[in-house]
Every structure is written in structure tokens, then in C-alpha cells.
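Here is a short report on one protein model. Look over the sequence and the 3D view, then read on.

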Amino acid sequence: MARRDEEPLEALAEELRRSDPEFTRAMRSGRPRRPREYRNNPGWLTLAFGVLAFLSGALLGDGLLLTGGLVAVGAAAHLLDPSRIRTRYRDRQDRA
């Protein structure tokens, strides 16, 4: 490859190193990790909390707990929405 052909690749590699250092470390070690855009741990934890609160509120007859569970499930749905993840990633690429 000519040097001018390698420059865009080096710039892309540097951008990846800056944006997600854990992913690049994992790739170097040979144990790949999902990129940040596809990690949904907060969404799953919020969903679990919301379902637990909703069911507790329904069983105990507590309207505030029931409502809090519904709000948490709604927030989890927002966090786990695949189109939101793609849009966030695409917006970051447009800014670069």
C-alpha cells in the first residue's frame, strides 16, 4: 500500500482508539469485546428494576410503586431501542 492510502486508515484507527479504548485493548489482546454502541447493560438493569417494581406494586396494591415501575420500564425501552443506538453512533460519526 502506498503511504497516502494508509493515512485514512491510520486516522480511523486513531479515532477508534480515542472513542472506545476498551474495545481497542480487547482487540489487541485477541479477546474481542462488543463496541460501546452495542453494550446495553444500563438498559437491562433498568428493565429488571422496572419489572420488579411494577410487579411489587401490583401485588402490594401500592399505586406509587406501580407507577414508578411503569416509568422505569419506559426508560428501559428507550435505552434498549436499537434505532436510538444506531442514530447516536451515526451522529457521532457526522461530528468527526
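## Salt bridges on a helix

Glu-15 has a relative accessible area of 27%, so it is partly exposed. The cut-offs are as follows: buried means under 20% relative accessible area, exposed means over 50%, and partly exposed lies in between (1.4 Å probe, protein chains only).

This is a predicted model, where local features need pLDDT of at least 70, side-chain atom pairs count only at pLDDT 80 or more, and totals for chains, interfaces and linings use all residues. Residues are numbered from 1 along each chain as its sequence is written, and side-chain values use heavy atoms, with hydrogens and water left out.

Glu-15 forms a salt bridge with Arg-18. The term has a cut-off: a side-chain nitrogen of Lys or Arg lies within 4 Å of a carboxyl oxygen of Asp or Glu. How many salt bridges does a search of the whole structure find? It finds 3. The table lists them by their N to O distance.

| Salt bridge | N to O distance |
|---|---|
| Glu-14 and Arg-17 | 3.1 Å |
| Arg-18 and Glu-15 | 3.4 Å |
| Arg-18 and Glu-14 | 3.7 Å |

These contacts join up. Glu-14, Glu-15, Arg-17 and Arg-18 are linked in a network of salt bridges.

Now place the pairs along the helix. Glu-14 and Arg-17 are 3 residues apart in helix α1 (residues 3–19), so about one helical turn separates them. Arg-18 and Glu-15 are also 3 residues apart in helix α1, so about one helical turn lies between them. Arg-18 and Glu-14 are 4 residues apart in helix α1, again about one turn. Helices are DSSP runs (H or I, at least four residues), and strands are too (E, at least two); both are numbered from the N terminus.

Are these side chains buried or exposed? Arg-18 is exposed, at a relative accessible area of 56%. Glu-14 is partly exposed at 33%. Arg-17 is partly exposed at 34%.

## A nonpolar patch

Val-51, Phe-54, Leu-55 and Leu-70 make a nonpolar surface patch of about 330 Å². Patches are made of residues with over 30% relative accessible area and no salt bridge; like charges are joined within 9 Å, and nonpolar side chains (Val, Leu, Ile, Met, Phe, Trp, Tyr) within 5 Å. Which helix gives the most to the nonpolar patch? Helix α3 (residues 41–60) does, with 3 residues. Val-51 sits in helix α3. Val-51 has 38% relative accessibility, so it counts as partly exposed.

## The whole chain

The protein chain has 5 helices and 0 strands. Along the sequence, the pattern is α-α-α-α-α. Of the 96 residues, 18% are buried. The accessible surface comes to about 7,400 Å², and 61% of this belongs to carbon and sulfur atoms. Such areas come from the Shrake-Rupley method with a 1.4 Å probe; for residues, only the protein chains shown count as cover.

How confident is the predictor? The mean pLDDT of the protein chain is 80, and 75% of its residues reach 70 or more. pLDDT is the predictor's confidence in each residue, from 0 to 100. Confidence is highest in helix α4 (residues 63–79), at a mean of 94, and lowest in helix α5 (residues 82–95), at 60.
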